[in-house]
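Welcome to a set of exercises on reading a protein model. Take a look at the sequence and the 3D view, and then work through each task one step at a time.

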Amino acid sequence: MKNKLKTINIVLLLTAVFIFAACSAGLENLSTAKENVVKYYKSGQYDKDVNSVVDKTINKFENFSPVKNDAVVFDVDETVLSNYKFEKELDFGYYSGLWDKWVKEEKAQPIEGVKKLYDFFVSKNFNVIFITGRNDNQYNSTYKNLLSAGYTKFDTLIVRHPDEYNLTALEFKSEKRTALTKKGYQIICDVGDQYSDLDGPDHGYQVKIPNYMYILK
Ligand SMILES: [Mg+2]
């Protein structure tokens, strides 16, 4: 009887250990996750991953000759401009007042790999269109920051207007691409750090830039 109880106890203990291990699989402590994100960005791995995506895209379009209305759509944040400095200072949190202050300082730096892709498309005479979830109050600062970061040749910068503030990123960006298509643009390529930049209609070839800091839907 004693042995039987002992066996049952061992089985229960092993079951508990198994359930605990299964439940915690894939999870890590938040501070460890943040340290890993910092390591990823600081070690050069982020730049390598961006460059790998960019080189693949350049290879794909190397022999492509665009016609007049062919366009490439770029997202802005974490696609052509880096906000890593801001995110790190906030310990990867978010506060809209501080975000607005950061945008209006116009200090975001270009993401060099993506700048190379932008330069490639400009040299091929594609129309370049930026679609960003930033709002209309941030239009001037965003425009100037794009210029100071070296993105000096583009057709249009599209931001959110008040009646679009409540749309999800996916809804807003899809609507804007469809409107561009109706205007006569042919979107050949769409570049963004979020799947909500890329999913939906009228996206052409999708280029996903890595972002391990946040997800927007
Ligand atoms: Mg973005």
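## Exercise 1: The nonpolar cores

Start with Phe-121: setting aside its neighbours within four places in sequence, Phe-121 is in contact with Thr-57, Phe-61, Val-72, Phe-74, Phe-126 and Cys-189. Contact here means heavy atoms within 4.5 Å.

Before going on, note that this is a predicted model, in which local features need pLDDT of at least 70 and side-chain atom pairs count only at pLDDT 80 or more, while totals for chains, interfaces and linings use all residues. Residues are numbered from 1 along each chain as its sequence is written, and side-chain values use heavy atoms, with hydrogens and water left out.

**Task.** Find which residues have the most contacts inside the largest nonpolar core.

**Solution.** 
- Step 1: learn the term. A nonpolar core is a set of buried Ala, Val, Leu, Ile, Met, Phe, Trp, Tyr and Cys residues joined through side-chain atoms within 4.5 Å. Buried means under 20% relative accessible area, exposed over 50%, and partly exposed in between (1.4 Å probe, protein chains only).
- Step 2: name the residues. The largest core holds 42 residues, and Phe-74, Val-80, Phe-121 and Phe-130 have the most contacts inside it.
- Step 3: look at the elements. Helix 6 provides the largest share of this core, six residues. Helices (H or I, at least four residues) and strands (E, at least two) are DSSP runs, numbered from the N terminus.
- Step 4: look for another core. A second, separate one has nine residues, including Ile-129, Ile-158, Tyr-185 and Ile-187.
- Step 5: recall the background. In soluble globular proteins, nonpolar side chains tend to be buried together.

## Exercise 2: Around Ile-188

**Task.** Decide whether Ile-188 is buried or exposed, and list its contacts.

**Solution.** 
- Step 1: Ile-188 belongs to strand 6 (residues 186-192).
- Step 2: check the accessibility. Ile-188 counts as buried because its relative accessibility is 14%.
- Step 3: list the partners. Beyond neighbours within four places in sequence, Ile-188 is in contact with Phe-61, Phe-64, Asp-70, Ala-71, Phe-126, Gly-204 and Tyr-205.
- Step 4: His-203 is 15 residues apart from Ile-188 along the chain, and their C-alpha atoms are separated by 7.2 Å.

## Exercise 3: The magnesium ion

**Task.** Find which residues coordinate the magnesium ion.

**Solution.** 
- Step 1: define a donor. Donors are N, O and S atoms within 2.8 Å of the metal (3.2 Å for Na, K and Ca); water is not among the atoms, so sites may look incomplete.
- Step 2: name them. Asp-75 (OD), Asp-77 (O) and Asp-193 (OD) coordinate the ion at 2.0 to 2.1 Å.
- Step 3: read the spacing. Along the chain, the donors follow D-x1-D-x115-D.
- Step 4: check burial. Asp-75 and Asp-77 are both buried.

## Exercise 4: The largest pocket

**Task.** Give the volume of the largest pocket and describe its lining.

**Solution.** 
- Step 1: define the pocket. On a 1 Å grid over the protein atoms alone, a cavity is a set of points where a 1.4 Å probe fits but cannot get out, and a pocket is an open set with protein on both sides within 12 Å along at least five of seven lines; lining residues have an atom within 4 Å of a point.
- Step 2: give the volume. The largest pocket has about 660 Å³ of space. Grid points are joined across faces, edges and corners, and a volume is the space filled by probe spheres set on the points.
- Step 3: find the centre. Of the 27 lining residues, Tyr-94, Trp-99, Gly-133, Arg-134 and Leu-216 are the closest to it.
- Step 4: sort by class. The lining has eight nonpolar, nine polar and ten charged residues. Ala, Val, Leu, Ile, Met, Phe, Trp, Tyr, Cys and Pro count as nonpolar, Asp, Glu, Lys and Arg as charged, and the others, Gly among them, as polar.
- Step 5: name the main contributor. Strand 4 gives the largest share of the lining, four residues.
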